[in-house]
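Subject: Structure for your review

Dear colleague,

Please find below the structure that I am handing over to you. A summary of the findings follows it.

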Amino acid sequence: MFARVTSLGVFALHGFVVTVEADISRGLPQFELVGLPDSAVKESRDRVRSALKNLGFSFPASRITLNLAPADQRKTGPVYDLPILLGVLAASGQIAALPPDAAFLGELSLAGEVRPVRGALSMAIAAQNAGVRTLYLPAENAAEAAVLPGLAVYGVREVRQLLEHLDGTAPLPPVPCAPFEQGEPLVAADLADVHGQPEARRALEVAASGGHNLLFIGPPGSGKSMLAKRLPGILPPLTREESMQTTQIHSAAGLLGADAGLMTVRPFRAPHHTVSPVALTGGGSVPRPGEVSLAHNGVLFLDELPEFQRTALEILRQPLEDGKIVVSRAAGQAAFPCHVMLVAAMNPCPCGYLGHPSHPCTCTPAAVERYRSRISGPLLDRIDLHVNVEPVEYEALASDSGGESSAAVRSRVLRTRRIQQQRLQQWGVSCNARIPDAQLRAVCRMTPDASRMLAAAFDRMGLSARAYTRVLKVARTLADMDQSELLSSAHIAEALQYRMLDRSLGYSL
Ligand SMILES: Nc1ncnc2c1ncn2[C@@H]1O[C@H](COP(=O)(O)OP(=O)(O)OP(=O)(O)O)[C@@H](O)[C@H]1O
Ligand SMILES: [Mg+2]
């Protein structure tokens with residue numbers, strides 16, 4: 001007897017339809033699994049056999065052949081447990097044939113419970129594109145898949161529950177389709193707690209307004225980490241499209257959590273400086289996204305920047321520029337998007353007090369040089385705003401009132417972002433940091449004074465071509481904050497000043 005069950009697989013973020021074909025013929029008892037399965041899929045055999053026995057079904061004592069089609073696509077992970085079990089049951093006549101427009105996926109326990117899998121959203125998207133109408137998947141993944149209109153989703157906790165639904169004895173209710181709702185940021189940490197630091201606060205607002213990368217340099221305890229952690233609270237909410245991408249990445253990494261639907265808050269990832277290059281960029285034999293992709297459409301915060309392994313930082317150069325990272329493995333090439341705002345913090349020297357108005361620095365020039373050389377010029381070149389964070393003044397710290405609240409700053413950021421969206425949506429980008437190169441000149445028109453100032457600064461500061469484009473983008477954001485169409489010399493001057501600091505500290509771009 002022969003049976004066919006529709007299922008789904010996922011490689012990186014790419015979901016695809018898999019047809020599980022089960023054939024039971026006479027011969028010595030044997031269980032053959034073909035169709036490029038990896039070792040986790042091969043282990044399905046044992047899980048399915050135990051689950052069948054524990055559910056009270058008989059395991060056919062015949063020759064069972066299972067094929068996972070298409071045969072040239074590598075199958076990974078335990079998602080095929082449930083369709084394989086259904087295939088064996090249908091082919092041995094223990095259940096009726098399965099509906100052709102329904103797809104099934106899920107890992108099984110030996111007792112027949114259905115366990116959650118990674119990448120459910122990517123698989124649900126593939127199912128919808130392939131014309132599948134009903135999707136049965138682990139209950140814990142159901143909320144994630146129930147965001148697609150037109151796809152009926154059923155969450156299954158146990159195989160028995162599914163079988164009773166299929167034969168009509170106890171129908172399951174479908175999971176209601178959850179429309180996307182924009183969420184407010186979690187304001188556990190408010191900018192109102194930060195006293196003083198007007199320049200650093202301004203830079204944080206500029207970065208949030210245009211999606212620019214930011215580096216804070218300053219002595220210990222001046223509030224660098226504190227400021228950076230308050231960035232998510234002033235960013236605009238995720239759009240549905242952004243949320244779909246970011247949720248797919250978190251789902252592929254298995255980080256979404258049970259019963260979670262689409263993410264509504266921008267991710268803020270702060271990997272420790274001991275992070276390995278692979279954990280940062282993604283990889284593994286079955287490619288998984290790294291920290292930079294998990295921060296897609298959000299913030300990647302690298303605190304204590306010089307303490308990161310140099311190789312880990314250098315690997316970030318290309319993804320920061322392209323907004324995607326491609327991992328090549330024997331199983332194939334995996335591409336993960338990574339449009340992030342990079343925010344980094346560091347001290348100016350190993351002791352932390354170089355340039356401090358009252359605390360002497362104890363570092364030798366060679367030690368300072370070594371410390372700084374851990375961050376390469378090309379990486380700094382990709383950071384638009386370099387900000388010197390001064391020690392907090394006593395009066396500011398001791399005053400009763402802190403600074404402006406996150407909510408007030410955020411409302412300005414939202415207004416500036418709206419201006420950008422209107423201008424940039426025709427090219428499919430949402431913020432000034434991502435203005436396409438070809439449109440840069442048209443989008444960044446300057447007053448004559450501004451263009452003279454930029455020309456003079458280009459030669460004097462020895463800016464790279466990249467730094468030039470980034471100065472223009474930051475100036476565009478500053479002009480948008482002022483609701484001005486033309487870039488003025490004041491905007492150019494402020495944007496240039498954000499690139500001066502690294503030079504005054506001895507970096508050369
Ligand atoms: N501007 C500030 N206003 C209010 N409190 C501050 C400010 N700066 C620092 N603090 C206090 O000091 C603590 C340490 O600040 P933070 O961790 O941000 O310092 P840092 O600049 O990152 O230092 P390090 O270089 O050592 O990492 C904060 O948790 C906060 O209590
Ligand atoms: Mg810190």
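How many helices and strands make up the secondary structure of the protein? The protein contains 22 helices and 18 strands. Please note that this is a predicted model, and the values that follow were computed from it.

Overall dimensions and packing

The C-alpha trace of the protein spans about 85 × 45 × 45 Å along its principal axes. The protein has 509 residues, of which 52% count as buried. Among the contacts with a separation of 6 or more, 74% are accounted for by residues 24 or more positions apart. The protein exposes about 21500 Å², and 52% of that area is supplied by carbon and sulfur atoms.

Charge

The side chains of the protein include 49 positive and 48 negative ones. The centres of these two sets lie 5 Å apart. On the surface, a patch of negative charge is formed by Glu199, Glu390, Glu393 and Glu395. One of these residues, Glu199, belongs to helix α7, which covers residues 198–210. Is Glu199 buried or exposed? Glu199 has a relative accessible area of 51%, and it therefore counts as exposed, the cut-off being over 50%.

Thr6 is located in strand β1, which runs through residues 2–11. Its relative accessibility is 17%, and because buried means under 20%, Thr6 falls in that class. Which residues are in contact with Thr6, once its neighbours within four places in sequence are left aside? They are Val17, Val18, Pro100, Ala102, Ala103, Phe104 and Val132.

Val368 is located in helix α14, formed by residues 365–373. With a relative accessibility of 10%, Val368 also counts as buried. Not counting residues up to four places away in sequence, Val368 touches Pro348, Cys349, Pro350, Leu354 and Cys363. For a sense of distance within the model, Val368 may be set against Ser484: the two are 116 residues apart in sequence, and their C-alpha atoms are 42 Å apart in space.

Yours sincerely

Note on methods:
Residues numbered from 1 in each chain as written. Chains lettered and ligands numbered in written order. Predicted model: local features only at pLDDT ≥ 70, side-chain atom pairs only at ≥ 80, totals over all residues. Heavy atoms only, no water. Patch = residues over 30% accessible without salt bridge, like charges linked within 9 Å, V, L, I, M, F, W, Y side chains within 5 Å. Areas by Shrake-Rupley, 256 points an atom, 1.4 Å probe, with all protein chains shown as cover. Salt bridge = Lys/Arg side-chain N within 4 Å of Asp/Glu carboxyl O. Lys, Arg positive; Asp, Glu negative; His and termini not counted. Charge placed at Lys NZ, Arg CZ, Asp CG, Glu CD. Helix = DSSP H or I, 4+ residues; strand = E, 2+ residues; numbered from the N terminus. Buried < 20%, exposed > 50% of the residue type's maximum accessible area, 1.4 Å probe, protein only. Contact = heavy atoms within 4.5 Å.
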